[in-house]
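Me: I'm new to this one. Can you put it up and walk me through it?

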Amino acid sequence: MKNSEHNAWYYISGGLFLIWFVGSIVALILTAKATPWLAISVFGQYFLVFGLIAMFSMIKEGKFTPIFLIFIFVGLLAVLFGITMQFGDESAQATFKQLIPYAGISIFFVMGILFIINHFVRTNQNKNCIELVRATCVDMKKRKNGTSDGMSYTVYNIYCPVFGFTYNGKSYEVNNNIYTQVPNVDLGDEIDLYINPKHPKCYKEDPLIAGRQSIAELGFGIFFILISSFGFFLLLVLG
């Protein structure tokens, strides 16, 4: 895609996103008092749209993370629930009210499944990250975070390193979107990255850490499935 076409698409998509975002806020404010059930649908479509944007963005960069599908799932539940409660007949509304506890627990069950899928996807991605490149920390993304002890609220900065490298004559900048209060590198530091030759923006820093992250995702997945299954069991027993 030529630069002019790329810039045009950038401004058009950015404008459409801004119109949708502002329009959704206005719709949420207008429906919050007049039609509260419909406001739930408006709120749910935020999760749905942001989940879809994140999914397509990751697919484009070759590093799809299934756990983000939970936003799409929650968004769909909220949209369907709000529309049914607002426009459905009495029997449909009664059915949905009875299903609320099951829907809540199902979120954790689906999250567990997605964590396990994420484990296998990450394992496969890590296997494809075999090309060693030397990268430099070229930027440090910063955002605010805060903690509260009940009496006061403390605000502090957290950071995410951005690494730049050249591969096959093309420059890339990558980051893992993980923010910490004390980053493991400083600006200008050089580190080794293992990249996927077909998708250079897909990378891993340390094979050992990447393996531990993958195992942790598997553990979280099993945990959420067990907890939600117990919740389903209690619902069925208690009626």
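Reply: Here is a short tour, from the overall fold down to single residues.

Me: What should I know before I start?

Reply: This is a predicted model: local features need pLDDT of at least 70, side-chain atom pairs count only at pLDDT 80 or more, and totals for chains, interfaces and linings use all residues. Residues are numbered from 1 along each chain as its sequence is written, and side-chain values use heavy atoms, with hydrogens and water left out.

Me: Ok. How many helices and strands does the protein chain have?

Reply: Five helices and five strands. Both are DSSP runs numbered from the N terminus: helices are H or I with at least four residues, strands are E with at least two.

Me: In what order do the elements run from the N terminus?

Reply: The order is α-α-α-α-β-β-β-β-β-α.

Me: And what does the C-alpha trace span?

Reply: About 65 × 45 × 45 Å along its principal axes.

Me: How much of the protein chain counts as buried?

Reply: The figure is 29% of the 239 residues. Buried means under 20% relative accessible area, exposed means over 50%, and partly exposed is in between (1.4 Å probe, protein chains only).

Me: What about the accessible surface of the whole chain?

Reply: It comes to about 15,400 Å². Carbon and sulfur atoms hold 67% of that. Areas come from the Shrake-Rupley method with a 1.4 Å probe; for residues, only the protein chains shown count as cover.

Me: Which contacts link residues 24 or more positions apart, as a share?

Reply: Such pairs make up 65% of the contacts with a separation of 6 or more. Contact here means heavy atoms within 4.5 Å.

Me: Switching to the surface. Which residues make the nonpolar patch?

Reply: Phe17, Leu18, Phe21, Val22, Ile25, Val26, Ile29, Leu30, Phe50 and Ile53 make it, over about 880 Å². Patch residues have over 30% relative accessible area and no salt bridge; like charges are joined within 9 Å, and nonpolar side chains (Val, Leu, Ile, Met, Phe, Trp, Tyr) within 5 Å.

Me: Which helix gives the most to it?

Reply: That is α1, with eight residues. Helices α1 (3–34) and α2 (36–60) each supply at least two.

Me: Take Val26. Where does it lie, and how exposed is it?

Reply: Val26 lies in helix α1. Val26 is partly exposed, at 42% relative accessible area.

Me: Now charges. How many salt bridges does the count come to?

Reply: Three. A salt bridge needs a side-chain nitrogen of Lys or Arg within 4 Å of a carboxyl oxygen of Asp or Glu.

Me: What does Arg122 form a salt bridge with?

Reply: With Glu217, at 2.7 Å between the closest N and O atoms. This pair links distant parts of the chain: Arg122 is in helix α4 (residues 90–128), Glu217 is in helix α5 (residues 207–238), and they sit 95 residues apart.

Me: You mentioned β4. How does it pair with β5?

Reply: Strand β4 (residues 190–196) and strand β5 (residues 199–204) pair in the antiparallel sense over three bridges. DSSP must find at least two bridges for two strands to pair. They form a hairpin with two residues between them.

Me: What is the bridge partner of Tyr194 in β5?

Reply: Lys204.

Me: Last topic, loops. Where is Asn175?

Reply: Asn175 is in the loop between β3 (170–174) and β4. Asn175 counts as buried, at 16% relative accessibility. Its side chain has a polar contact of 3.2 Å with the side chain of Lys141. A polar contact is a pair of N or O atoms within 3.5 Å; within protein, one must be able to donate a hydrogen and the other to accept it, and residues adjacent in sequence count only if both atoms are side-chain atoms.

Me: And Asn168?

Reply: Asn168 is in the loop between β2 (153–167) and β3. Asn168 has a positive phi of about 55°, although it is not a glycine. At 69% relative accessibility, Asn168 counts as exposed.
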